[in-house]
Every structure is written in C-alpha cells, then in structure tokens.
Amino acid sequence: MTRRTLAVVSAGLGQPSSTRLLADQLAAAARDELVGRGADVELRPVDLREHAHDVVNHLLTGFAPTVLRRTLDAVAAADGLIAVTPIFNASYNGLFKSFFDVVDRDALAGMPVLVGATGGTARHSLALEHAVRPMFAYLRAVVLPTAVFAAPEDWAGDDGDSALRARIRRAGAELAEQVDRRPAASGPADPFALTTDFAALLAGHDPT
C-alpha cells in the first residue's frame, strides 16, 4: 500500500472558521478518493492563525522559528496540497500570502495543488482565478482545474447533495488522480547533504 500525505493549509482568522471547514471537507474528499485507489493517506492540517507571529518573524529576520520550520518542511514533503483562504478586498488575505512568501523556493514545483476560498458573497469567487491560481502557477505548482468557493448561502443549503458538495467531490477526485499518478514524495532536500559520496571525494583528492 502506497503512503500518501496531503498538506491542508487554511488561512481563516476566526474560530470557528468556515475557511477551515471548507479545507477539512476538501481534504476528506481527496482522502476518500485516494483510499479508494489503495493508498494509505495522512492529512497534515496547517492552521495559519497559529503561525501568524512566526511567519512575521521569519519575514523580518529571514529565519524560521522551530515550529514554523517543521510546518514548512511538512508542506514541502507532501504529495499534494490543499490551500484555502478567506477573500479580503477581492484577494487572498495577508496571512495566506505571507505564509507562501516564506515557503522554501522550489518547494511547490510540480506539486498538485487544490485551491479553495470562502467569502461573504459569491461575487468574490473570481478571486480564485485572478489572484489565488496565478500565485501558485508562479510557484510552478500544478493547480487543479476545479477551484472551490463557498459563500454563506452555500453552507445554508448544504444538504449533502448540494452544488457545493458536488464541487468538493470533483475537486477531491482531481487531486487524488494527480497525486496517484506521481511517485511518492521523498521529502524536502537536505541543504547540508553531500552531493558526492565521501569516499569518492577522497579518491579524487589531489594531494599536490
């Protein structure tokens, strides 16, 4: 059985958070699809409100505190990413952008990413296409075709067979398909690892 990991990043600021709720439902849909394909799935939830101070400190100093470093490594080591933000002023919120500003360079290259968002009105749904999707495309991630937006009326009418639920299932299936067709993630690169075997270095040493 192949082991797969999904990082689930949500940038909601409140508790409870509709952003976290959407992230959890997307993660459950993707997990169920992968389990159906014979995978052993681990979900790695990342609630950005818990890392807000560390993210700012990283931006100011250039160094990640220990807890944030572990979180960044977990995201980089995942087979797939689910990223959900509330929409503020027609775009992602500042915490969401700041977190991905400190994600290691190239960490998301080639990684399947499912994007989602929540907002006070369905008119904000286009922010997924003009703001969130381009950001991950710039990071060279593989952004899935289906993006999921949830407005308050979507939750009010969510009876298990709603349009929102159908979109969640479709997005989860797309992520599972992309993750399933790729080799299992090997984890983040060790910046201190030798690129050449030590014995080979000795053999090639010129004492003169």
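Contact here means that heavy atoms lie within 4.5 Å. With that rule, 80% of the chain's contacts between residues at least 6 apart in sequence join residues at least 24 apart. The structure is a predicted model, where local features need pLDDT of at least 70 and side-chain atom pairs count only at pLDDT 80 or more, while totals for chains, interfaces and linings use all residues. Residues are numbered from 1 along each chain as its sequence is written, and side-chain values use heavy atoms, with hydrogens and water left out.

Of the 208 residues in the chain, 44% are buried (under 20% relative accessible area, with exposed meaning over 50% and partly exposed in between, using a 1.4 Å probe and protein chains only).

Now for the helices. Helix α7 runs over residues 163-180, and its 18 residues reach 26 Å from first C-alpha to last, close to the expected 26 Å (1.5 Å times one less than the number of residues). Among the buried residues of α7 are L164, I168, L175 and V179. An α-helix has 3.6 residues a turn, so residues three or four places apart point the same way.

Helices α2 (residues 52-61) and α3 (residues 66-76) have axes that come within 9 Å and cross at roughly 90°. Those axes are lines fitted to C-alpha atoms over the stretch in contact, with angles from 0 to 180 degrees between N-to-C directions. That makes α2 roughly perpendicular to α3 (65 to 115 degrees; under 35 is roughly parallel, over 145 roughly antiparallel and the rest oblique). D54, V55 and H58 of α2 meet V67, L68 and L72 of α3.

What about the aromatic rings? Rings of Phe, Tyr and Trp (its six-membered ring) pair if their centres lie within 6.5 Å, and planes under 30 degrees apart are stacked, over 60 edge-to-face and the rest tilted. Five aromatic pairs turn up this way. One of them, F96 with F136, is edge-to-face, at 6.1 Å centre to centre and 75° between the planes. F96 sits in helix α4 (residues 94-102) and F136 in helix α5 (residues 127-138), so this pair ties together parts 40 residues apart in sequence.

Terms used
Helix = DSSP H or I, 4+ residues; strand = E, 2+ residues; numbered from the N terminus.
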